[in-house]
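Here are my notes on the model you sent over. Have it open while you read, and go through the points in order.

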Amino acid sequence: MALTHWPTDYKRINQHFGEDKEYYFSNFGLPGHPGIDIVAPLNAPYYAIADGEVTWISDKIQNDETKPSANGWQILIDHGSNLFAKYCHAQQDIPVDVGQQVLGGQLIGRSGDTGKTTGPHLHLEFQIAGMGVPGYPNNQVDPWPHIEQVFNQFTEPKPPLITGWVFKTFTNIVGDFIVTTAQPRVRLGPGSNFEPHIGVLRKGAPLINLNLLQNGYTKIQASIFDFLSIDPSNIP
Ligand SMILES: [Zn+2]
């Protein structure tokens with residue numbers, strides 16, 4: 001399963017898989033941290049890392065507030081190819097349901113600081129049948145080798161940079177960076193009426209987010225090397 005989206009708006013990891021061995025062994029009998037901790041302040045969105053199906057939500061189903069899970073409110077998604085991802089410490093108000101199909105990049109929850117935490121963050125666990133790391137339950141594996149690819153998508157575009165506007169639906173915004181998820185036209189202004197356009201970007205192009213949103217268009221800077229086609233006479 002190729003992952004397509006980074007799960008929060010923050011490209012920072014606080015703790016990797018297997019770290020903090022003594023704490024996890026004494027508290028949970030585990031060889032180390034069973035997932036990856038990604039920065040997500042309170043209320044920050046959790047995004048599906050790929051297309052999939054929601055297969056389980058706690059504690060919505062268990063409904064046992066007297067014994068809250070160490071992972072708090074969690075969403076388990078079957079992303080195909082035997083990969084299940086568990087998104088933990090969410091708010092109770094979860095916008096998806098068990099059995100629902102989700103798309104990569106879709107909002108599936110928000111950071112809620114629920115469960116056993118020292119502050120709000122996304123604890124993300126990967127379970128891959130037949131590949132579990134010895135000592136960890138539920139076929140848990142290190143998410144990093146799988147998620148590193150989407151992490152690295154968010155690199156800065158190479159200069160020279162072209163400034164313009166793209167339709168936000170064709171992008172995935174991650175903090176100060178954006179990556180195109182389709183082949184958007186880059187326009188001189190925030191709307192399809194701004195013709196002629198500067199050019200068309202390739203899918204997967206990293207952009208700089210200039211944090212201006214109008215009419216569903218977002219202002220960006222893109223590398224001249226990421227254009228599939230470009231009309232130099234329209235460069236501002
Ligand atoms: Zn964690």
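**Notes on the fold**

1. Start with a strand pair: G199 stands opposite I230 in β18. Strands here are DSSP runs of E with at least two residues, helices are runs of H or I with at least four residues, and both are numbered from the N terminus. β15 and β18 run antiparallel and are joined by 3 bridges. For two strands to count as paired, DSSP has to find at least two bridges between them.

2. Before going further, a word on what you are looking at. This is a predicted model, in which local features need pLDDT of at least 70 and side-chain atom pairs count only at pLDDT 80 or more, while totals for chains, interfaces and linings use all residues. Residues are numbered from 1 along each chain as its sequence is written.

3. Back to that strand pair and its sheet. The order is β14-β15-β18, an open sheet of 3 strands with antiparallel pairing. β14 and β18 (227-230) are the edge strands, each pairing on one side only. As background, strands of a sheet pair through backbone hydrogen bonds, either parallel or antiparallel.

4. Now the overall layout. The chain has 2 helices and 18 strands, and its C-alpha trace spans about 65 × 30 × 30 Å along the principal axes. Domain 1 covers 13-152 and domain 2 covers 161-234; these bounds come from an automatic or database domain assignment. The C-alpha centres of domain 1 and domain 2 are 32 Å apart.

5. How much of the chain counts as buried? Of its 236 residues, 38% do. Buried means that 20 or more other C-beta atoms lie within 10 Å of a residue's own; exposed means 12 or fewer, partly exposed is in between, and the C-beta atoms are placed from the backbone. As for contacts (C-beta atoms, placed from the backbone, within 7 Å), residues 24 or more positions apart account for 64% of those with a separation of 6 or more.

6. Next, the cores. A nonpolar core is a set of buried Ala, Val, Leu, Ile, Met, Phe, Trp, Tyr and Cys residues joined through C-beta atoms within 7 Å. The largest one has 31 residues, and I75, A85 and Y87 have the most contacts inside it. At least two residues each come from β2 (36-39), β3 (45-47), β5 (73-78), β6, β9 and α2. β6 gives the largest share, 6 residues. There is also a second, separate core of 14 residues, with F177, I178, A205 and A222 among them.

7. Y87 deserves a click. Leaving aside neighbours within four places in sequence, Y87 is in contact with P7, Y46, Q74, I75, I108, G109, L122 and L124.

8. Which residues of α2 are buried? They include H146, I147 and V150. These cover an arc of only 75° around the axis, so they sit on the same side of α2; the arc is that of the directions from the helix axis to the C-beta atoms. β9 (121-128) is part of what covers the buried residues of α2. On the face turned away from that buried side you find the exposed residues P145, E148, Q149 and N152.

9. D20 is not a glycine, yet has a positive phi of about 55°. D20 lies in the loop between β1 (13-15) and α1 (21-28), and is partly exposed because 14 other C-beta atoms are within 10 Å. H89, also not a glycine, has a positive phi of about 65°. H89 is in strand β6 (residues 83-90), and counts as buried because 27 C-beta neighbours are inside 10 Å.

10. P159 and P160 are joined by a cis peptide bond, with omega about 0°; P160 is in the loop between α2 (144-152) and β11 (161-167). Another cis peptide bond joins E195 and P196, with omega about -5°, and P196 is in the loop between β14 and β15.

11. Last, P190, in the loop between β14 (185-186) and β15 (199-201). Is P190 buried or exposed? Buried, because 20 other C-beta atoms are within 10 Å. Leaving aside neighbours within four places in sequence, P190 is in contact with W165, Q214, N215 and Y217.

Terms used. Contact = placed C-beta atoms within 7 Å.
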